[in-house]
Amino acid sequence: MVDKVIRIFKIINAIQANPGISANDLAFKCEVDVRTIYRDLRVLDLIAPITNDGKGTGYRFMGKFSMYPLNFSEQEALVFSLLPSVLDEDKLPPGFQTAYDKVMATHVKQKSDQINIIEDIAGIIQMGTPAYRKESPNFLQPIIQAIIEQKSIDTVYHTQYRNETTERKIDPYYLVPRDRLFYLFGYCHSKQDIRTFRISRFQKVEITGQSFDKGDFNIKQYLKNTWSIDRGEKNMTFKVRFSADVARYIKEEELFVHPRMKDQKDGSLIFEVTVNNEKEFLKWVLQYGPSAEILEPKSIRDSLKAQLSQWVSMYQ
């Protein structure tokens with residue numbers, strides 16, 4: 001949901017700056033596939049009618065729709081605000097002051113509107129609370145704002161498996177929802193590497209004035225062959241037969257990986273995929289119980305047989 005809202009704003013800016021822009025170019029700018037862009041355009045068309053005059057002509061807004069974001073950085077805003085003090089007022093053309101005031105007013109309103117929109121988004125997205133807490137602060141608003149403005153954040157984060165709480169400075173890159181949870185992918189200054197953070201484990205998040213640049217980081221490449229969130233080190237190819245009663249639900253799963261699916265005459269589905277974390281994939285498959293049969297690899301099939309035998313013994 002959050003990614004889609006941010007992406008639609010990017011699409012609006014891209015179409016406005018480049019009338020006639022192609023779906024492929026929009027996909028490149030937004031770092032998604034073309035099918036996702038087509039879905040976003042259908043949503044956007046309900047708000048601001050878009051036209052495409054034919055193959056090869058690209059997209060443009062119809063009528064007088066426009067949105068003029070100044071997108072001043074903090075430094076640019078400061079420089080612009082000092083402009084009158086460095087100019088000779090006697091040489092300024094008529095109307096300069098009123099034009100200047102309008103630009104500054106637009107910048108202030110834009111910043112205010114942007115923060116209000118982010119607050120609304122964060123309010124709409126409801127998050128649960130870990131069972132061991134009575135309440136959990138919602139840090140989505142400052143995190144989304146920091147991602148959009150490309151500002152580092154100062155945080156206090158609890159690492160569950162080490163039961164350790166640390167202070168960290170993070171450059172927030174992407175917010176990813178998975179299994180009713182939100183995860184932040186970003187550059188951790190203390191670890192000097194890309195790390196994954198579960199939002200509910202933050203105990204403090206404050207936006208700094210320090211800007212960052214993602215460089216050539218590509219989230220799709222980073223999560224290549226990653227089933228959910230945790231990246232493994234060894235690729236493994238699975239073949240699973242899903243019965244007809246769940247096959248249609250498997251086809252609508254939203255994944256980072258690209259499975260190969262083949263319909264069978266009896267309505268079942270053969271599902272093949274290569275992943276780098278077998279535990280995450282098996283956890284997903286097992287939720288379908290007897291409606292999912294792991295065909296390959298044989299070692300996993302044998303391991304699952306042994307596990308099922310233990311379960312049967314436990315409940316006898």
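Select helix α2 (residues 23-30), where Ala23, Leu26, Ala27 and Cys30 are buried (under 20% relative accessible area, 1.4 Å probe, protein chains only; exposed is over 50%, partly exposed in between). Viewed down the axis of α2, these buried residues lie within an arc of 100°, so they line one face of the helix; the arc is that of the directions from the helix axis to the C-beta atoms. Asn24 and Phe28 are exposed on the face turned away from that buried side.

The model is predicted: local features need pLDDT of at least 70 and side-chain atom pairs pLDDT 80 or more, whereas totals for chains, interfaces and linings use all residues. Residues are numbered from 1 along each chain as its sequence is written, and side-chain values use heavy atoms, without hydrogens and water. Helices (H or I, at least four residues) and strands (E, at least two) are DSSP runs numbered from the N terminus.

Next, select strand β10 (residues 269-275), in which 5 of 7 residues are buried. Strand β8 (residues 236-242) runs antiparallel to β10, joined by 7 bridges; pairing requires at least two DSSP bridges. Phe242 has Leu269 as its bridge partner in β10. Strand β9 (residues 260-263) also pairs with β10 in the antiparallel sense, over 4 bridges, and Arg260 is partnered there by Glu272. Within the β9-β10 hairpin, Gly267 takes a positive phi near 95°.

Finally, select His158 in strand β3 (residues 151-159). His158 is buried, at 11% relative accessible area. Its side chain makes a polar contact with the side chain of Asn163 at 3.3 Å (N or O atoms within 3.5 Å; within protein, one must be able to donate a hydrogen and the other to accept it, and residues adjacent in sequence count only if both atoms are side-chain atoms).
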